[in-house]
Structures are given as structure tokens and as C-alpha cells.
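Have a look at the fold, then read on.

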Amino acid sequence: MTSTATAPPPVPTALATPSARSASEVDNRAAYVSFGLAYVLGHGAAAVSEGDSPLYRLPGWLPVTLLGTGLVTGVVLATLAALRAQRGAAAPDVLAGKLLGAAWIVAFTALFLAITGLTSVLGEPELQEVLWPAGSGLVVGLLYLAEGSVRRNLLHYGLGVWLALVSTAALSLASPGLFRVLAVAGGGAYALAALLEHRRLRSLAQSSRN
């Protein structure tokens, strides 16, 4: 007599539990648009109102308010998009998303401490006017590098490279040149990224259907 060992049949993909599913793609379009508007309106307002012969006389609080509103809105939209993508995802993917979210808080807290300490030691608080715009772009760019690596998103990674390099290079320019570069190069990069993000998601959707 012979006996035949039978292995249990594989679990169909459709019957797999939601906890075993990988995180879906993050739709960054809304966040890109919000960040882009923050760069164009916030840095743009500073560019036309700063310098020895400004084009327009604007209240000093207006550029900061426009920039801050757009950045906060963008962070909220990016967080919501990441949370939607993680619904039903596996535990490692959820943990990675939480760590990336916490990295934003840690990075900007560190930036605040660095700028506050540096300007205080040097006794030049006016440096915050250029260090915050450039430093914020650098931090966001580096965070995009990390997120793009974890999510294997080349567009997000490339945008991070551009923002990090442009923001630090702009420090070599005096005001309002710095703000002009950030408004055009930074805002333009976000606008292009929003268009390419639409194409990326559409291509992924078509690939999943085939």
C-alpha cells in the first residue's frame, strides 16, 4: 500500500485577509497642489514686497500667513492620503506610515530648535527671514526622499531631490532673490509633480486591470 501526502490548497488571493494586503498607492495630488500654492502665493508675496525697491507694499504678516496656511493644509492632505492608503494594510506597512508621519514632527521641531538657537547665538534674529523658507524646503525635500524610498515612488523621490537642492542653493541669494527662486522653482516643481502624479496613478490603475 502507498500513501499520498496532500498539501493544503493555497489560499486564493481574493480570500486573503485584509491584514495581509499591502498598502495601496498614496495619491499626492491634493497635497502637491496645496504645497505649490503655498510656494507661489507665500514666497511670491514676499518676493514682490521685499528688497530696497519692492513692487508692491504688502503687510509683513501676509506672506507668512499665505505660506503657513498652504503648508499646514498640505500636511493635513498628505496625512489623510497616507491614512487612506493604509486601510487594511499589513502591520509593517502601517508601522512604516506612522514612522514617516512622526518624522515630519521631529524634523520641523529640530529645524525650529536649530534656527532659534543659531539666530540667538549670533544675535541676528533677522536671519530667520531666510533660514525658515530655505530650511523648510530642505526638510520637506529630505522627507520626500525618505517617503519616496519607502514607497518606491520615483516621482516623490525626484521632487524631494529638487526641493532639497533648490532650497539650499537659494541661500546664496539675497532677499528678494531667494523668494523668487523658491516661488518659481519650488512652486513650478509642485505643479509639474501634480500633473505627473495624475499620469502615474492612471498608469498604475491600467496596469492593475490588465
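A search of the whole structure turns up eight aromatic pairs; rings of Phe, Tyr and Trp (its six-membered ring) pair if their centres lie within 6.5 Å, and planes under 30 degrees apart count as stacked, over 60 as edge-to-face and the rest as tilted. This is a predicted model, where local features need pLDDT of at least 70, side-chain atom pairs count only at pLDDT 80 or more, and totals for chains, interfaces and linings use all residues. Residues are numbered from 1 along each chain as its sequence is written, and side-chain values use heavy atoms, leaving out hydrogens and water.

**Aromatic rings**
- Phe35 and Tyr190 are stacked, because their ring centres sit 5.6 Å apart with the planes at 25°.
- Phe35 belongs to helix 1 (residues 29-49) and Tyr190 to helix 6 (residues 177-209), so this pair ties together parts that are 155 residues apart in sequence.
- Both Phe35 and Tyr190 are buried (under 20% relative accessible area; exposed is over 50%, partly exposed in between, with a 1.4 Å probe and protein chains only).
- Trp104 and Phe108 make another stacked pair, with centres 6.3 Å apart and planes at 15°.
- These two are four residues apart in helix 3 (residues 91-122), so about one helical turn separates Trp104 from Phe108.
- Trp104 is buried at a relative accessible area of 12%, while Phe108 is partly exposed at 25%.
- One aromatic cluster takes in Tyr32, Phe35, Tyr39, Trp104, Phe108, Tyr144 and Tyr190.

**Helices and overall build**
- The protein chain has six helices and zero strands (DSSP runs, numbered from the N terminus: helices are H or I with at least four residues, strands E with at least two).
- Helix 1 has 21 residues and should span 30 Å at 1.5 Å a residue, which agrees with the 30 Å between its end C-alpha atoms; the expected span is 1.5 Å times one less than the number of residues.
- Just after helix 1, Gly51 has a positive phi of about 95°.
- Of the 210 residues in the protein chain, 35% are buried.

**Confidence**
- The protein chain averages a pLDDT of 85, and 88% of the residues score at least 70; pLDDT is the predictor's confidence in each residue, from 0 to 100.
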